[in-house]
Amino acid sequence: MSEMGIADRARRGAVPGAVAGLAGGVVFGGVMAEIGFLPTVAAIVRTDVIPLAFAVHMLFAAIIGAGFGLLVVHQRARVEELLFWGLVYGMLWWFLGPLTLLPILLGRPVAWDLAGGRELLPSLIGHLVYGAVTAAAFAWLRRPAGSRPRIRPAAPVRGLAAGALTAAVLVFGLGVMTGVPPYRLFVYGVVLGLGYPLLFGDRPEGTGPALIRGVAYGFAWWILVALTFPTLLTTGTLDWSLEGVRNAVPELPGLVLLGAGTAAGTTWLAAAGQALFEDDIRRLHRVSFGPGRLRAAGYGLAGGLAGGVVFALVLAPSGLLPTVARLAGGRTALTGLWVHLVIAMAVGVSYGVFFRNRSFDLASGLGWGVCYGFLWWILGGLTLAPVLLGGAPLWTAAGLTASFPVLVGHLAYGAVLGAVCGRLEQRVSPWWLTRGQAEQERRTALREQTLGSAPALWTFVLLIALTVPLLIAR
Amino acid sequence: MKGRRWRLAGYGMGGALVAAGLGGLLVDARLTDPLGWALWSGGLIAVAAVMVAARLRTRPAERARVLYGAGAGLAGGLLVGSVQAYHGMLGHPGPAAFAAHAVLLGAVLGFVAGERAEDLATAFSCGILTGLLDWAVWQLTLRPLLAGRLPTWALASADEQFGALVGDVLLGGTAGVLLYCALALRRRAPAGPAPAQAPLPRVVIVGGGFGGVGTARRLDRLAARGLRADVTLISDTNALLFTPMLAGVASSALEPRHVSAPVRAALTHTSFLHGHVDRIDTAGRLVHVTTADEGMASVRYDHLVLAVGSVPYFFDLPGLAEHAFPLKTVGDATRLRNHVLGALERADLEPAARTRAEFLTFVVAGGGFAGTELVAELSDLVYGVLRHYPNVRESEPRFVLVHTGERILPELPAELGAYAQERLARRGVEFRLNVAVAEARAGAVRLGDGTVIPARTLAWTAGNRPHPLTAALSGGGRLTVDPFLRVDGVEGVWAIGDCAGIPGPDGRPYPPTAQHALREGRAVAGNVAAAITGGRPAEFRFRGIGVLVALGHRTGVAEIRGRRVTGLPAWLLWRGVYLAKLPGWEKKLRVLADWTIDLVFSRDIALTPSPPRAARHPEAGHE
């Protein structure tokens, strides 16, 4: 890690961060004016003059933006990387700002109560917008001199095809499940598919990271197309209230799955294109320091079994094992345990293959694992399992709330799965590297991952996984 | 060893808790008592804690990060906790428990993400991540359990849970930033002199056959589990030859490459040296190796494992070294295949009856597994491709198996040996028993009883002797080793496989088979590791699983743990078992493809360039 002096850190981090914060502040200020939050800011300086409140807000935005700059000064200055850091930072400031510091500044007691949190839901989304805009502006300010975004013409085509294909699968599947095919997902699929490569570029990444990136991407689109555009286009206002969010929840799982599928599909199409048209063998056979696919699948099987055992800890006291048994026509908890373990191992194998050579320490194993667990909660817990049990997908606010214990189980499962697979992968190292060299290679890979957006991605996905169901609980 | 005992005791205790909890849950079908669940989860936590403690015991850097993390957690806890306390949100179970919980959160953060915490953004992000996981574990799970309630994870008391979530997110984020600051300050402190690293013990394995590769693979696994040793495998072939399928190569049923698995691909932590071992200096603990380009090299060892196998032995009989075809290497098998096909080509053109008989007579010396399988495969090859040679009549080819014993396959029960002999005799194979080959000439093979068989093909499977490399240590025969596989009287040298006489429980040496060599390899690796770590070596004990012999087209004999199988089932068993044992999925698929193609098409009769007859016998790696 390159050490940086305080002055250098301020010049390269705080100053552009403050400027980027101002850009984020302008957008967030507009949002605050729309949701009627500026008078609360004005109360901080004991005034009711809105322009003054806006100025105070901009001052805060610049200071918080400077903090963001200091935080990410070492990260790669690219929009696609910094975006997730901005989202995490914005969300953290929701916990720290309106929920904690604002009451203190206003001389009120800090409550951290659910009612207050729900009241501040519009502010939460505003903070996410602020974080995203600040991150984008910071990346633009810190872009390397002379750099231009390079998007090959094939990339949007791939994204479009992946988005349309995923949407087709979802429309068909949901049509079979519910009898009402949600054709609007086609439109979303086209838009998401076009946007994904434009935003994230031609990334040579594995399926696993792409899936998780797609989850966050789908969530961002949910805010746009389900929460923002409908009321903005029809009434010209923003409805980010609790009821507005609850009403938009049925769109959330579909868009998250659409995002994940689009991202994975884009990656697969890129890989297929490379396999067909790449004539330089070095680009096809990149040096890999971890296990092969088959061995990784074996590790996934072992991790899936371990994770399944821990998941059973949640299912047993919740009394859900007999329900799981019904998936295979059984009734008893023991049958449910067997069915559950078989599913856990099958999902574990997919994790082992998709996330092969992506875990370099316990943190990365846990991070990828919990995110994958969350994705399977949406796909399995909320969608496939209810349908296979004879019902409809639980894509409602009440469904999400009721399924919260299963979410905790999926997260525990993912954490154990990721940790076990990561640990097993670390046992494999090529013989031509000495222990010191292998350790150096691992540290380099870990450093590369740290410079990217992976840690922010894990945190953001877990934040939304735990916060959204809690806030919309009835 | 003491640490290992503690670790095992910890695992045992955790496992017992898990088992007790599971039992409790099964008994408590209505799931009303949290005890069973608590025992189960407590057992898992105990096992995880033992694993973490065992890891930290040997890693001071990680230990320091955990301590820094605990400090950062405490500082963050004081900050967040004071806000909560000031505003009356620090309810049950009180400030002390909250502080302890914050310390634990910080320690977990240091353990999980301490290495990443050298970067501010990552430390911050991982802090929040840890806080969120802590919320699910502590608030939703352990707190109800400690209060004597069954955790349900339902959002019934969402209000209380939301407050805890905010606290944990802020606590995690603060602890992450503080951990980064603490580690940054630590990095700036002047570092003391780096402790001198003791050199790793060097383990050298000579031989790339079943025994040598088995040893290396086992040491690989042990290295992955923490064994600190520098392991080198030296072999003059860079692939493990799957000898049970060698007869298939000689009969054109299998491609030579498909029965050889690259050694490099099978190893992860062990380094590989492609070279020929010339001499071993046991006094100086050096192995002298000749490599293709670099000339001589000396490799130092602390532990030397000899798995050099055996080489063909002709008992100094006249003409055998020049005219007999041994079957030990892929080169031998390819040479024999080309010779047989070449003899058919010549016979097709040859008008003289005597010379035709020489070309079309195939003598195999040795009625053990290798000789019996080979004569059956050669018979399949010749009769299978005969339609391509219109001038050779079906009655002309002659196959003779010469064996010094009373019956073939002496390792098998007499009934199975008789079955094999009867099946082969029905195909026209002649048996010359109780007689040995005495001499080989260009167009004839003379037996011990004076019989002369006109033949230009003599395949030799009737004699092996230990590798010459071991002669200096053993005085000529197999190396004498104790039940722990240590070579008698030579410190730091171990021996396995065909080159070693390993005493069994009854005092008789174990047979020189692949299944034994593989197990000996694993055993010697464990004993070498024990010698390095100060552990106790274990005696080698193994009871053979069984014997399988393929008798060519769709028939075979087998004895598995006393059960006898013959005919098609035995043949299928042979193929199934050896396909499963063949190293690597790629090779399995290739051999399977070869066998499948063989079902539809006749065998390939294209002559390929034969490798030259070896100037010296391979001295490493073939058993």
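V382(B) is buried, having 24 other C-beta atoms within 10 Å. Here a residue is buried if 20 or more other C-beta atoms lie within 10 Å of its own, exposed if 12 or fewer, and partly exposed in between, with C-beta atoms placed from the backbone. The model is predicted: local features need pLDDT of at least 70, side-chain atom pairs count only at pLDDT 80 or more, and totals for chains, interfaces and linings use all residues. Residues are numbered from 1 along each chain as its sequence is written, while chains are lettered from A and ligands numbered from 1 in the order in which they are written.

V382(B) sits in helix 13 (residues 369-385) of chain B. Helices (H or I, at least four residues) and strands (E, at least two) are DSSP runs, numbered from the N terminus. Leaving aside neighbours within four places in sequence, V382(B) is in contact with V340(B), L344(B) and P397(B). Contact between two residues requires that their C-beta atoms, placed from the backbone, lie within 7 Å. L344(B) is 38 residues from V382(B) along the chain, and their C-alpha atoms are separated by 8.1 Å.

Chain B is divided into domain 1 (2-188), domain 2 (202-312 + 466-543) and domain 3 (320-462). Domain bounds come from an automatic or database domain assignment. Between domain 1 of chain B and domain 3 of chain B, the C-alpha centres lie 74 Å apart.

Two loop residues of chain B have positive phi values. For N434(B), which is not glycine, phi is near 55°. N434(B) lies in the loop between strand 14 (429-433) and strand 15 (437-440) of chain B. N434(B) is exposed, with 12 other C-beta atoms within 10 Å. R554(B), also not a glycine, has a positive phi of about 60°. The loop that holds R554(B) runs between strand 23 (546-550) and strand 24 (556-560) of chain B. R554(B) counts as exposed, with 12 C-beta neighbours inside 10 Å.

The contact between the chains takes 53 residues from chain B and 55 residues from chain A. On the chain B side, at least two residues each come from helix 2 (34-57), helix 4 (95-113), helix 5 (120-146), helix 6 (158-188) and strand 5 (271-274). Helix 5 of chain B gives the most, with 13 residues. By class, the side of chain B that touches chain A has 35 nonpolar, 13 polar and 5 charged residues. Ala, Val, Leu, Ile, Met, Phe, Trp, Tyr, Cys and Pro count as nonpolar, Asp, Glu, Lys and Arg as charged, and the others, Gly among them, as polar.

Chain A is assigned domain 1 (6-141), domain 2 (154-283) and domain 3 (289-472). The C-alpha centres of domain 2 of chain A and domain 3 of chain A lie 21 Å apart. In chain A, 21 residues of domain 2 are in contact with 25 residues of domain 3. Helix 7 (154-178), helix 9 (207-234), helix 10 (242-248) and helix 11 (252-277) of chain A each give two or more residues to the domain 2 side. Helix 9 of chain A supplies the largest share of that side, 9 residues. The domain 2 side divides into 14 nonpolar, 5 polar and 2 charged residues.

Helix 7 of chain A also packs against helix 8 (residues 184-200) of chain A, their axes coming within 7 Å and crossing at roughly 150°. Axes are lines fitted to C-alpha atoms, for helices over the stretch in contact, and angles run from 0 to 180 degrees between N-to-C directions. Helix 7 and helix 8 of chain A are therefore roughly antiparallel to each other. Angles over 145 degrees count as roughly antiparallel, under 35 as roughly parallel, 65 to 115 as roughly perpendicular and the rest as oblique. The crossing of helix 7 of chain A past helix 8 of chain A is right-handed. A crossing is left-handed if the near helix is turned anticlockwise from the far one by less than a right angle, and right-handed if clockwise. Residues of the contact of helix 7 with helix 8 of chain A divide into 17 nonpolar, 5 polar and 1 charged.

Helix 16 (residues 362-388) and helix 20 (residues 454-472) of chain A pack at about 40°, with axes 9 Å apart. That angle makes helix 16 of chain A oblique to helix 20 of chain A. Their crossing is left-handed. Contact residues include W368(A) and F374(A) of helix 16 of chain A, and W458(A) and L462(A) of helix 20 of chain A. By class, this contact has 10 nonpolar, 2 polar and no charged residues.
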